[in-house]
Amino acid sequence: MRRKDVLDLDDFTPDELREVLETAAAMKEVLARPIRRVPPLRGKTIVNCFYEASTRTRVSFELAAKNLSADVVNITASGSSVEKGETLIDTTRTLQALGADMVIMRHGAAGAPYLVARELEASIINAGDGWHAHPTQALLDLFTVQSRLGSIEGRRVAIVGDILHSRVARSATWGFTTLGAQVVLCAPPTLLPIGFADAVSTGLRAKGISTPCPVTVTHDVDEALRDADVVMALRVQRERMDAGLLPSLREYSREWGITRERIAKARFGALVMHPGPMNEGVEISPEVAYGPQSVIEAQVTNGVAVRMAVMFLLAGGRAGPAV
Amino acid sequence: MSNPNNEAIRLATAHGRFLRSVVIRGGRVIDPGQGIDAITDIAIRDGFVDAVGIGIDAPAGAQVIDARGLIVTPGFVDLHTHLREPGFEYRETIATGTAAAAAGGFTTVCAMPNTEPAIDTTAVVDFIHDTARRQGSVRVYVIGAITRGRKGKALADLIELATAGVVAYSDDGDCVTDSALMRNALAYSRTTGRPVVQHAEDRALTTGAQMHEGSVSARLGLAGWPRAAEEIIVARDCELAALTGAHLHVAHVSSAGTLDFIRRARSRGVHVTAEVTPHHLTLTDTLVGGHWWSATASLPAYDTSTKVNPPLRETPDSLAMAAGLRDGVIDCIATDHAPHATTDKHCEYQTAASGISTLETALGSVLAVVHAGGLTLVEAIAALTVRPARVFGLASGTLLPGMAGDVTIFDPDREWCVDPAQFRSKGRNTPLAGHILRGQVIQTIVGGEVICDRSA
């Protein structure tokens with residue numbers, strides 16, 4: 001992979017995505033060994049720089065880095081200089097001066113990792129920026145679907161929930177469509193970003209990918225789930241009601257919640273995914289979340305393998321089993 | 001339209017300055033205010049236009065300028081300039097802002113009142129007038145706040161402000177959202193005949209907004225500023241202008257749909273005028289997603305120099321702005337020069353200040369529209385000179401004998417590379433850095449005095 005940073009999947013070619021997935025498969029084998037530690041990042045310093053609270057993503061990156069024998073430092077917004085009014089640029093320059101080799105960054109402002117990536121010689125991995133992108137989450141989703149269904153091209157992926165505010169939905173859409181799947185985005189009309197489908201079509205054409213109707217948008221959940229191979233539910237936050245975007249969680253779960261009855265509309269054996277953390281009984285019912293079609297726990301496990309793969313490739317590693 | 005009870009707006013002057021004599025020979029003089037477009041000469045005597053005509057005599061002791069091959073026009077008039085002083089001198093001062101104006105061919109600027117303190121008392125108006133007389137490179141008029149402290153709660157002392165010399169009222173940067181307050185501002189403004197300049201933005205629709213709402217904002221995950229937020233306020237204000245008979249001026253129109261509301265009000269005889277900025281004429285929201293113009297000029301995604309309020313919109317909007325200037329729905333071009341310090345812009349997009357430093361690139365941007373066939377040269381010059389002057393009733397913008405001797409001389413074809421480090425303005429915030437613009441000011445003359453000279 002010839003790139004300094006992983007900021008989003010919108011600029012990934014299909015070959016680059018395949019390289020990550022292939023490498024992740026090798027990393028998954030490492031995770032199955034009795035001793036899960038391999039040496040490729042020995043002596044490298046990886047900084048986990050989280051401006052937003054996160055447990056699962058931060059721990060996933062930390063484990064991934066440690067499995068590759070890197071030294072890991074965690075910076076969180078609370079209790080650090082960030083709280084004292086230090087700007088993002090100041091922090092970035094400090095990281096540069098301290099000699100970080102790779103920075104994993106989560107930030108509430110869309111585009112913040114782009115700013116840092118321009119300033120810093122180290123590689124940046126975007127671990128989520130505002131509503132914009134969460135590329136490693138999308139990569140683990142791709143890896144999970146590839147592992148379970150054997151292929152991504154031609155699949156139909158329904159993403160249901162608060163698309164407007166979702167970096168997961170945006171990055172997943174770029175990832176799946178770049179590998180030739182069709183994505184259906186489904187949300188209440190107040191939670192759909194206007195013009196996103198057009199933006200993706202334009203971006204894919206620029207990459208030379210010509211899937212017909214790569215993204216469709218609907219507020220009808222039954223239509224979204226019809227013939228879907230993958231159903232991804234997104235977390236719906238209570239603050240969306242305070243902003244007047246939703247009448248109530250009750251109405252949301254009745255109209256858009258992923259239930260056993262609704263899953264029956266999807267293709268037989270369709271995968272059920274969720275980026276977590278879940279509001280059980282709101283966007284997804286417990287019997288679906290823990291049912292036979294759910295791959296939600298596998299997503300978490302695969303997250304470590306995929307993040308190992310991304311770090312390994314950014315550090316100059318080559319795809320293949322020679323880890 | 002100014003009220004007969006009130007004296008006419010006095011020419012902004014400077015003690016002992018702007019009273020020189022000069023003769024400009026052989027240029028193509030374009031003065032749309034008089035319908036002149038001819039190769040001819042202009043004589044300025046002791047600061048005022050003496051005569052326009054071939055072979056006129058030079059006043060005694062006059063400097064002689066050879067303008068052959070160049071365009072000679074009345075000095076440009078900007079109705080919308082943020083000079084930032086008092087309060088934000090780290091962004092711009094009256095000295096640096098007017099120097100930037102001179103460099104860009106503007107001989108008259110109107111200072112917006114979003115200063116600290118806001119321009120809502122005679123004391124602040126006097127401070128700006130005095131400072132401009134002592135330190136300014138060009139003529140400075142002052143726009144007073146509509147509401148006390150620009151807080152949108154209670155009217156400022158509008159008559160007192162007019163007596164102190166303000167040429168218009170505005171809370172620019174903020175919209176007067178309260179319909180009753182806006183009605184009262186318009187009604188009360190009839191006592192002074194000064195226009196009420198609205199920054200049209202329905203804040204309920206722009207909470208957290210960072211850029212135009214469309215496919216680019218959807219892709220970038222930035223909260224969007226829909227066109228409707230501007231159109232709703234303009235539609236409302238047109239009705240309030242009709243109700244009160246007052247003069248409404250719409251600042252920085254950005255949405256094509258807004259023009260329909262202005263057109264409709266005009267056809268009913270409502271006194272509505274409007275301006276557009278050089279950036280809304282020429283740039284679009286795609287820049288926010290990153291753009292490559294040339295080997296020297298490119299913007300990465302989320303570059304904060306593209307953040308401006310109202311936001312850059314889409315191509316149909318910018319085309320509609322040029323069409324609006326052609327058919328007169330938009331009266332003039334105003335820069336909305338909004339200088340910011342590096343620290344205001346070198347940060348996350350959502351933290352960055354809104355605004356573009358435009359005084360020094362305005363002519364090049366407007367000429368890009370001319371070179372592309374969107375406006376004629378005469379239309380563009382009218383929109384920079386006589387038309388803005390008429391909107392605010394200023395005694396400039398045309399070269400009739402007896403008028404202020406303010407002249408801009410430019411080469412419409414000279415190419416130059418935008419280098420913000422060379423700006424006279426403290427604000428280096430422009431998305432045009434490294435961009436090649438075609439058309440550059442050669443000399444700017446205020447009251448017969450050459451205040452910017454690139455002729456060497």
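**Chain contact, helix packing and a buried strand**

In the predicted model, the contact between the two chains draws 22 residues from chain A and 18 residues from chain B. On the side of chain B that touches chain A, nine residues are nonpolar, six are polar and three are charged.

Within chain B, the packing of two helices was examined. Two packed helices are described by the angle between their axes and the distance between the axes. For helix α4 (residues 179-189) of chain B and helix α6 (residues 227-244) of chain B, the axes come within 9 Å and cross at roughly 45°. An angle under 35 degrees would count as roughly parallel and one of 65 to 115 as roughly perpendicular; α4(B) and α6(B) are therefore oblique to each other. The crossing in which α4(B) passes α6(B) is right-handed. By class, six nonpolar, two polar and three charged residues make up the contact of α4(B) with α6(B). From α4(B), the residues involved are B:Ser179, B:Met182, B:Arg183, B:Leu186 and B:Ala187. They meet B:Arg236, B:Asp237, B:Leu240, B:Ala241, B:Leu243 and B:Thr244 of α6(B).

In chain A, strand β3 (residues 102-107) has six of its six residues buried, so the strand is largely enclosed by the rest of the structure.

Strand β3(A) takes part in two pairings. With β1(A), β3(A) pairs in the parallel sense over five bridges. In this pairing, A:Arg106 of β3(A) is the bridge partner of A:Phe50. With strand β4 (residues 123-129) of chain A, β3(A) also pairs in the parallel sense, over five bridges. Here A:Ile104 stands opposite A:Ile125 of β4(A).

A loop of chain A was also considered. This loop lies between α1 (14-31) and β1 (45-50) of chain A, and A:Ala32 has its place there. Around A:Ala32, 9 other C-beta atoms lie within 10 Å. A residue with 12 or fewer such neighbours counts as exposed, so A:Ala32 is exposed. The C-alpha atoms of A:Ala32 and A:Arg2 are separated by 28 Å, with the two residues 30 residues apart along the chain. In chain A, then, A:Ala32 is exposed, whereas the six residues of β3(A) are buried.

Technical notes. Residues numbered from 1 in each chain as written. Chains lettered and ligands numbered in written order. Predicted model: local features only at pLDDT ≥ 70, side-chain atom pairs only at ≥ 80, totals over all residues. Contact = placed C-beta atoms within 7 Å. Nonpolar A, V, L, I, M, F, W, Y, C, P; charged D, E, K, R; others polar. Axes fitted to C-alpha atoms, helices over the stretch in contact; angles between N-to-C directions. Helix = DSSP H or I, 4+ residues; strand = E, 2+ residues; numbered from the N terminus. Parallel < 35°, antiparallel > 145°, perpendicular 65-115°, else oblique. Left-handed = near helix turned anticlockwise from the far one by under 90°. Buried ≥ 20, exposed ≤ 12 C-beta atoms within 10 Å, placed from the backbone. Pairing = 2+ DSSP bridges.
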